[in-house]
Amino acid sequence: MADIHIERAHSMSLAQARQIAIDWMAQAQDKFDLSCEHEAGESRDEVQFSRPGMTGTLAITADKLEVEAELGFLLSAFKDKIEGEITKQIDRLLAAQANAS
């Protein structure tokens, strides 16, 4: 089971949601020093991310964004802070996209 699970419904197109994922990747690489790989699909995209002590995925579909992350022993002490930061980033990106539409 994931240490962190964040799910957000949206009403964007897959292309718009894909851009959210790309923007999140850039922020996550800078803020959390994550290594990210994006794999685009026909109906679902997935971003694999990792760093020492943390691995996870951001899944993107036409109706939701879902983050699941596993934290190592040392980072598990900061679970609430990490989860809060990821949630804040995703919510901010979703709000910006909604305001742009």
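Reader: Which residues line the largest cavity?

Author: General idea first: on a 1 Å grid over the protein atoms alone, a cavity is a set of points where a 1.4 Å probe fits but cannot get out, and lining residues have an atom within 4 Å of a point. Here the largest cavity is lined by Ile20, Ala21, Trp24, Leu58, Leu65, Ile90 and Leu93. Helix H1 (14–32) and helix H3 (79–100) are the elements giving two or more residues to that lining, and H1 gives the most, with 3 residues. Helices (H or I, at least four residues) and strands (E, at least two) are DSSP runs, numbered from the N terminus.

One caution: this is a predicted model, where local features need pLDDT of at least 70 and side-chain atom pairs count only at pLDDT 80 or more, while totals for chains, interfaces and linings use all residues. Residues are numbered from 1 along each chain as its sequence is written, and side-chain values use heavy atoms, with hydrogens and water left out.

Reader: How many nonpolar, polar and charged residues are in that lining?

Author: Ala, Val, Leu, Ile, Met, Phe, Trp, Tyr, Cys and Pro count as nonpolar, Asp, Glu, Lys and Arg as charged, and the others, Gly among them, as polar. This lining has 7 nonpolar residues, with no polar and no charged ones.

Reader: And how much space lies in the largest cavity?

Author: A volume is the space filled by probe spheres set on the points, and grid points are joined across faces, edges and corners. The largest cavity holds about 30 Å³, and the count is 1 cavity of 30 Å³ or more.

Reader: What pattern does the chain follow along the sequence?

Author: Reading along, you get β-α-β-β-β-β-α-α, which comes to 3 helices and 5 strands.

Reader: What is the radius of gyration of the chain?

Author: That value is taken over C-alpha atoms, and the globule rule is 2.2 Å times the number of residues to the power 0.38. For 101 residues a compact globule would have a value near 13 Å, and this chain agrees, with 13 Å.

Reader: Which residue has a positive phi although it is not a glycine?

Author: Most residues other than glycine have a negative phi. Aspartate 33 has a positive one, about 55°, and sits in the loop between H1 and strand E2 (35–39).

Reader: Is aspartate 33 buried or exposed?

Author: Buried means under 20% relative accessible area, exposed over 50%, and partly exposed in between (1.4 Å probe, protein chains only). Aspartate 33 is exposed, at 58%, while 39% of the chain's 101 residues are buried.

How values were computed. On a 1 Å grid over the protein atoms alone, a cavity is a set of points where a 1.4 Å probe fits but cannot get out, and a pocket is an open set with protein on both sides within 12 Å along at least five of seven lines; lining residues have an atom within 4 Å of a point.
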